[in-house]
Amino acid sequence: MRISLCQGLLTGAIVLNLLILYYVSRAQQQMMDKRKELGRGTRRAALPGSGVSGGVGAPGREPGGVGGEAHGRGPRVTVLLREFEHFENYVGDVANSFLRQRPELPFLAVADTSPYPPLVLPEGARLLVLAPSPDQPPQGHRPEFHVQTEFVLLVPDGVELEQPRAIERLIRELEGEGGGPVRLVAAPVLARSAVQCLHLRVNLREWMATYSTAASGSSGSVCSALQGDAVVLIRAEDLFNLSVPVGRPLFSSLFVQTALRGWKVKLLESPCFAANHRPLFSSAHNQWKADTRLKEATGRLMKSFGLKRLLLADGKEQWYGCSKETPRCFGTVRDDTPDYLYLDRWTPPCCLRALRETTKYVINILETSGVRYWLEGGTLLGAVRHQDIIPWDYDVDLGIYLEDVPNCDHLKNLDSGSLVDANGYVWERAVEGDFYRVQYSEANHLHVDLWPFYPRNGIMTKDTWTEHKQDVEFPEHFLQPLVPMSFAGVTAYSPNNYRGFLELKFGEGVIENPQYPNPSKKRLDRSKL
């Protein structure tokens, strides 16, 4: 069989790519092997051709030191500065402070892009730019290839090393933990605000992180997160086993990942590190720029981690999910199974909040207009189980009496199109059939569906039916009378015999046996409830 020129070129390209992947993988394995050898006292040299600017650390001058060279070993600690702003910083001063006291320690400043104005670094300090460059090898922008020590000391901008032996104290504390849950140790920076020890619980299923106060200020406080200025020591192997080892904001990124692994941080009362450069920014404008960049970086980080709601230790909340001005957090639902269920997550909290707001708003309109309504289907099921929306549901269903529709100005004229009311909610007749839909906004299509029923020979029926098994006719006596029920922070109306109503629609035992809407596509693991 003859091989054409194009086929030959394609085959050569494939072979070349496979060779590149092989050698990159081999280089990564060699790096991990070298890091493990360091623990047994093997001196390692920096990778050549790494694309990192600046020189390397000077030879050790303190034989016997825990943090520096001892008995022929290389330095055990790399000083890494990640958090600084390009437009105003003290990175050069920080590097000078550490290298003046401990010239044998490698010092690495890490930036997303090349700083402008350029950093002025002393000999022995290096700059690593994380943005890939087409003229560099793949390891050129990856920090794990540029740390050749057993430990990494994470320092904030403006900090100074006044006690040369402070680093040894941190190493002894971390080694004394013997590989237990404490995988990081920290020392406070003497700044205007004291560092605070926090407990952090991350619930990826609910897209949430919750911070709460912990004991702070006493020697040996153990917690799962820190707030404020601190110097943190971590083993290099632990740091680079995180999926995002040097994300920004550094503490937010670091402690979310370590909390998910069950790791703890030990906050020491001493030693302390000085911080003569306070405040960090010389003008209100630069402080505003820094605050704005911090907010933007936090938003990007939380989006990448899939965290949409933060509950802070002071009781405040921060939201990073969808709003009235943005599309909802998930796309078109297929097979009654939204995409987040396949990720083993439940409805994003911003969506639940929007559904609650829309439901409360719609119920108020219906009640003031004299439209009889009741909680329908899975919405009623959520009210019975949780007094709220089912945690994995994506809309709200209300039944209404068809004969009451003319009473409501928002509904009676919808045959001619949709209506955006004064509060930004969109009222429309659904394109899927003869029912109504109220959307959270024109951008965000989270919605409440209104299903118009009418009685016929004592049976409630309607003109549009779906393929859902719970979408069936039912006796009108379930609605005579309607009874109040707590739902999503309001008092709504429901059928008078909710158990009989739900078991007619879903089957016996539905209240006590939760399940996802389409178990053939995705089944709920009840052991995780």
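In the predicted model described here, Tyr493 has a relative accessibility of 35% and therefore counts as partly exposed, where buried means under 20% relative accessible area, exposed over 50% and partly exposed in between, with a 1.4 Å probe and protein chains only. Its ring is paired with that of Tyr373, the two centres lying 5.8 Å apart and the planes standing at 75 degrees, so the pair is edge-to-face; in this scheme the rings of Phe, Tyr and Trp (its six-membered ring) pair if their centres lie within 6.5 Å, and planes under 30 degrees apart count as stacked, over 60 as edge-to-face and the rest as tilted. Because Tyr373 belongs to strand β15 (residues 373-375) and Tyr493 to strand β24 (residues 490-494), the pair ties together parts that are 120 residues apart in sequence. Tyr373, with a relative accessibility of 2%, counts as buried.

Residues are numbered from 1 along each chain as its sequence is written. As the model is predicted, local features need pLDDT of at least 70 and side-chain atom pairs count only at pLDDT 80 or more, whereas totals for chains, interfaces and linings use all residues, and side-chain values use heavy atoms, with hydrogens and water left out.

By the ring rule given above, the count comes to 16 aromatic pairs. In one of them, the ring centres of Tyr361 and Tyr425 are 4.1 Å apart and the planes are at 15 degrees, so this pair is stacked. Tyr361 is in helix α8 (residues 349-369) and Tyr425 in the loop between β17 (419-420) and β18 (426-429), so that distant parts of the chain, 64 residues apart, are linked; helices (H or I, at least four residues) and strands (E, at least two) are DSSP runs, numbered from the N terminus. Tyr361 is buried at 17% relative accessibility, and Tyr425 is buried with a relative accessible area of 6%. Ring pairs also join Trp374, Tyr401, Phe453, Phe474, Phe478 and Phe501 into a cluster.

Charged side chains are also placed over rings, a relation that requires NZ of Lys or CZ of Arg to be within 6 Å of the ring centre and within 35 degrees of the ring normal. Arg183 lies over the face of Trp263, at 4.5 Å from the ring centre, and the charged end of Arg353 is over the ring of Trp319, 3.8 Å from its centre.

For the chain as a whole, eleven helices and 24 strands were assigned, and buried residues make up 49% of the 529 residues. Of the contacts (heavy atoms within 4.5 Å) between residues at least 6 apart in sequence, 68% join residues at least 24 apart. In helix α3 (residues 166-176), the buried residues are Ala166, Ile167, Glu168, Leu170, Ile171, Glu173 and Leu174, and their cover includes β2 (77-81), α2 (91-101), β5 (151-155), β6 (182-188), β11 (230-235) and β12 (264-267). After α3 comes Gly178, which has a positive phi, near 65 degrees.

The pLDDT, which is the predictor's confidence in each residue from 0 to 100, averages 88 over the chain, and 85% of the residues score at least 70. Over residues 38-51 pLDDT stays under 50, and the model has 30 contacts beyond four places in sequence for this stretch. Residues 53-65 likewise have pLDDT below 50, with 29 contacts in the model beyond near neighbours in sequence. Where pLDDT is low, predicted coordinates should not be read in detail.
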